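Here is a short report to read alongside the sequence and the 3D view. Please keep both open as you go.

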Amino acid sequence: LTMERWEEILAFAADSGLDVAFGLNVMYGRNCSVHHGPCSAWDPSNTIAFLEHTSQYGLIVGGFEVGNEKEELLSPQDYASCMTTVRKTIDRLWPDPATRPLLIGPDENPRSDWLALMLREGGN
């Protein structure tokens with residue numbers, strides 16, 4: 001997704017009276033699969049750059065969803081850490097709660113025990 005295209009999407013949404021929720025990839029930079037054990041660390045650099053661009057250009061977004069439909073490969077603690085990174089970035093870039101995009105996730109329906117542990121670890 002180019003930033004030009006992102007701006008076009010948001011302009012279309014605004015003209016249509018729509019709120020956009022956009023999914024952020026927490027698998028970027030990882031090397032993992034169901035068959036290869038634990039995942040390597042997430043590289044949040046592209047997510048942070050994307051959020052910075054969105055904020056700096058005053059683009060209006062309803063929310064950002066953290067995931068990539070791969071949460072089953074991540075521990076609840078790892079996912080909570082990703083949520084915390086995105087939460088801190090959103091709070092820094094949109095200091096006014098009235099204009100701050102929502103933070104949404106996980107993007108699939110994980111097991112209740114996984115979800116409970118993720119929330120206890122700070123993923124709320």
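The notes below go from the overall fold to one glycine and then to the aromatic rings.

## Basis

This is a predicted model, in which local features need pLDDT of at least 70, side-chain atom pairs count only at pLDDT 80 or more, and totals for chains, interfaces and linings use all residues. Residues are numbered from 1 along each chain as its sequence is written, and side-chain values use heavy atoms, with hydrogens and water left out.

## Overall fold

The protein chain has four helices and three strands, taken as DSSP runs (helices: H or I, at least four residues; strands: E, at least two) numbered from the N terminus. From the N terminus on, the order is α-β-α-β-α-β-α.

Of the 124 residues in the protein chain, 35% are buried, meaning under 20% relative accessible area with a 1.4 Å probe, protein chains only.

## Around Gly63

Gly63 sits in strand E2 (residues 63-67). It counts as buried because its relative accessibility is 0%.

Beyond its neighbours within four places in sequence, Gly63 is in contact with Val20, Ala21, Phe22, Pro101, Leu102 and Ile104; contact means heavy atoms within 4.5 Å. Gly63 and Asp19 are 44 residues apart in sequence, yet 8.1 Å apart in space, C-alpha to C-alpha.

## Aromatic rings

There are six aromatic pairs in the structure. Rings of Phe, Tyr and Trp (its six-membered ring) pair if their centres lie within 6.5 Å; planes under 30 degrees apart count as stacked, over 60 as edge-to-face and the rest as tilted. Tyr79 and Trp114 make a tilted pair, 5.4 Å centre to centre with 55 degrees between the planes. This pair links helix H3 (residues 76-93), which holds Tyr79, to helix H4 (residues 112-120), which holds Trp114.

Ring pairs also link Trp6, Phe22, Phe50, Phe64 and Trp94 into a cluster.

Note on methods:
Buried < 20%, exposed > 50% of the residue type's maximum accessible area, 1.4 Å probe, protein only.
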